[in-house]
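I opened the notebook to record what I looked up in this structure. My entries follow in the order I made them.

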Amino acid sequence: MALRFIRIVCFSTSSLLKTAGRSRPLSTSSALRCTKTEQGDSSPQNEQQTSEESSEEPHMEEEIPESEVRQRLLDAALEFVPSHGWSVEALAEAAQTEGLPAVSHGMFPRGGGDLALHFVGICNAQLTEQMAQETEQVEEGHVERRHTREFLKDAMETRLRMIVPYVDNWPQAMSLLAQPNCAPDSLKLLSSLVDDMWYHAGDRSADFNWYTKRVTLAGVYTSAQLVLVRDQSPDFQDTWQFIDSRLDNLEQLGKAVRGVAPTVQSLAQGLSGAYLTIRNITGFNVRNR
């Protein structure tokens, strides 16, 4: 009997992806269907036999949501950030790695901005999960709650260390995150991050202090990123010392923003000021280590 092999024939409702070349292909449409067929040699007899067998076998279809396609492309693109930066090129390389045409980066209208937002989101989620685990331990009485300052310092250092593998390209990411098409989502991520930090540090305030604490901590975290990308000290010790000194003055920094109106809009305006600073200095060169 002639040797037969399995061929995966992929087709998509999107004209962008005509072939994927993967056992579990991706698509820019809402779903990608894969049909299993069998193929023998090229002789008429075997072709007829294959056709008959194929018609008797049920089709095997698999659908992959577009959201999963986007997630997998963004995750894969992070591997190419050190060489291509936060860019369309990194997304195109990821698409080819995933068996998709390079033009699949068209799924991301903000280009490298979408990639930077994705990275910030997953890092924030990882930190929040770690903090939640400690909070659970505290509430169950297994460990004592740490001092607020110590908790915030460790949380900020943990979060900033997630940037270290990409630190040489982080000025570009900060610039993209401060652009008008990315800034609203970026500010939401920042405000959510500092809110989670304060909550898991034990803060349950529901008054005006809620706003001042979060605006203040957002300023410390944003400033620490600027120090990090220019830090040439061993293991970024200058950055950790910077955070230490700023947290020492947390109460004074909080007083500096007490004139801010207690509204969600004013919180966003305070965070926007930090990002305006980034936009004004993102022309500095990437750090040399």
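**Entry 1: a helix pair**

At what angle do helix 6 and helix 8 pack, and how far apart are their axes? I had a predicted model to work from, not an experimental one. In it, helix 6 covers residues 148-161 and helix 8 covers residues 183-200. I read an angle of about 145° for the pair, with the axes 9 Å apart. The crossing is right-handed.

Next I listed who meets whom. Helix 6 brings Thr 148, Phe 151, Leu 152, Ala 155, Met 156 and Arg 159. Helix 8 answers with Leu 193, Met 197, Trp 198 and His 200. Sorted by class, this contact has seven nonpolar, two polar and one charged residues.

**Entry 2: the whole chain**

I stepped back to the overall layout. I counted 12 helices and two strands. The order from the N terminus is β-β-α-α-α-α-α-α-α-α-α-α-α-α. The protein has 289 residues, and 43% of them are buried. The exposed surface comes to about 15100 Å², and carbon and sulfur atoms supply 50% of it.

**Entry 3: the core**

Which residues touch the most other members of the largest nonpolar core? I found Trp 86, Trp 170 and Met 197, in a core of 59 residues. The elements giving two or more residues to this core include helix 2 (66-77), helix 4 (88-97), helix 5 (112-139) and helix 7 (170-177). Helix 6, helix 8, helix 9 (209-228) and helix 10 (237-248) are also among them. Helix 5 gives the most, with eight residues. I noted the background too: in soluble globular proteins, nonpolar side chains tend to be buried together.

Then I took Trp 86 by itself, leaving aside neighbours within four places in sequence. Its contacts include Leu 78, Val 81, Gly 112, Leu 115, Ala 116 and Phe 119. Tyr 166, Asn 169, Trp 170, Gln 172, Ala 173 and Leu 176 are also in contact with Trp 86.

Is Asn 124 buried or exposed? Asn 124 lies in helix 5. Its relative accessible area is 8%, under the 20% cut-off, so I logged Asn 124 as buried. Beyond four places in sequence, Asn 124 is in contact with Arg 159, Leu 189 and Leu 193.

His 200 is in helix 8. I read 10% relative accessibility, so His 200 counts as buried too. His 200 and Phe 151 are 49 residues apart in sequence, yet 8.5 Å apart in space, C-alpha to C-alpha. With neighbours within four places set aside, His 200 is in contact with Thr 128, Met 131, Ala 132, Thr 135, Arg 145 and Phe 151.

Lys 153 belongs to helix 6. Which residues does Lys 153 touch, not counting those up to four places away in sequence? I found Trp 240, Ile 243, Asp 244 and Leu 247. Lys 153 and Trp 240 are 87 residues apart in sequence, and their C-alpha atoms are 8.2 Å apart.

Arg 214 is in helix 9. Its relative accessible area is 3%, so I marked Arg 214 as buried. Arg 214 and Asp 196 are 18 residues apart along the chain, with 9.6 Å between their C-alpha atoms.

Most residues other than glycine have a negative phi. Asp 235 has phi near 55°. Phe 236 has a phi of about 60°. Asp 235 is in the loop between helix 9 and helix 10, and Phe 236 is found in that loop as well.

Are Asp 235 and Phe 236 buried or partly exposed? Asp 235 is at 41% relative accessibility, so it counts as partly exposed. Phe 236 has a relative accessible area of 6% and is buried.

Key
Residues are numbered from 1 along each chain as its sequence is written. This is a predicted model: local features need pLDDT of at least 70, side-chain atom pairs count only at pLDDT 80 or more; totals for chains, interfaces and linings use all residues. Side-chain values use heavy atoms; hydrogens and water are left out. Axes are lines fitted to C-alpha atoms, for helices over the stretch in contact, and angles run from 0 to 180 degrees between N-to-C directions. Helices (H or I, at least four residues) and strands (E, at least two) are DSSP runs, numbered from the N terminus. A crossing is left-handed if the near helix is turned anticlockwise from the far one by less than a right angle, and right-handed if clockwise. Contact means heavy atoms within 4.5 Å. Ala, Val, Leu, Ile, Met, Phe, Trp, Tyr, Cys and Pro count as nonpolar, Asp, Glu, Lys and Arg as charged, and the others, Gly among them, as polar. A nonpolar core is a set of buried Ala, Val, Leu, Ile, Met, Phe, Trp, Tyr and Cys residues joined through side-chain atoms within 4.5 Å. Buried means under 20% relative accessible area, exposed over 50%, partly exposed in between (1.4 Å probe, protein chains only). Accessible areas come from the Shrake-Rupley method with a 1.4 Å probe; for residues, only the protein chains shown count as cover.
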